[in-house]
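User: I've got a structure open and I'd like to learn how to read it. Can you walk me through a few features?

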Amino acid sequence: MPRVTLHPGERFASEYEVISKLGEGGFGSVWRVRQESTGHERALKILHPEVLIDPASLKRFYEEAKVGARIASEHIVEVHSAGVDQ
């Protein structure tokens, strides 16, 4: 399955403008983006396509987002939302 490739200036989910790629791992890639509605820079994690079709992996993604959203620390990225964009 092909991986998602984004380019600077491109929009994702109609809300995020891509600035640059930060990294990639087994679960997905992480991108530096600017949220249009707030003007804030964010980190956007995009899952690899094979993760999206595996129910157990998708469940793990949502569980990680919920756990991350409960942690308040200046050393951990704050989770603002999680979902699958069609």
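Analyst: Strand 3 (residues 28–35) and strand 4 (residues 41–47) pair in the antiparallel sense over 7 bridges. Strands here are DSSP runs of E, at least two residues, and helices are runs of H or I, at least four, numbered from the N terminus; two strands pair if DSSP finds at least two bridges between them. A caution: this is a predicted model, where local features need pLDDT of at least 70, side-chain atom pairs count only at pLDDT 80 or more, and totals for chains, interfaces and linings use all residues. Residues are numbered from 1 along each chain as its sequence is written, and side-chain values use heavy atoms, leaving out hydrogens and water.

User: Which residue in strand 4 does Arg-32 stand opposite?

Analyst: That's Ala-43. The two strands form a hairpin with 5 residues between them, and Gly-39 in the turn has a positive phi of about 80 degrees.

User: Is Ser-57 buried or exposed?

Analyst: Buried means under 20% relative accessible area, exposed over 50%, and partly exposed in between, using a 1.4 Å probe and protein chains only. Ser-57 has 19%, so it counts as buried. You'll find Ser-57 in helix 2 (residues 55–70). Setting aside neighbours within four places in sequence, Ser-57 is in contact (heavy atoms within 4.5 Å) with Phe-27 and Val-51.

User: And how about Ile-53, buried or exposed?

Analyst: Ile-53 counts as exposed because its relative accessibility is 57%. Look for Ile-53 in the loop between helix 1 (49–52) and helix 2. Pro-49, in helix 1, is buried at 18%.
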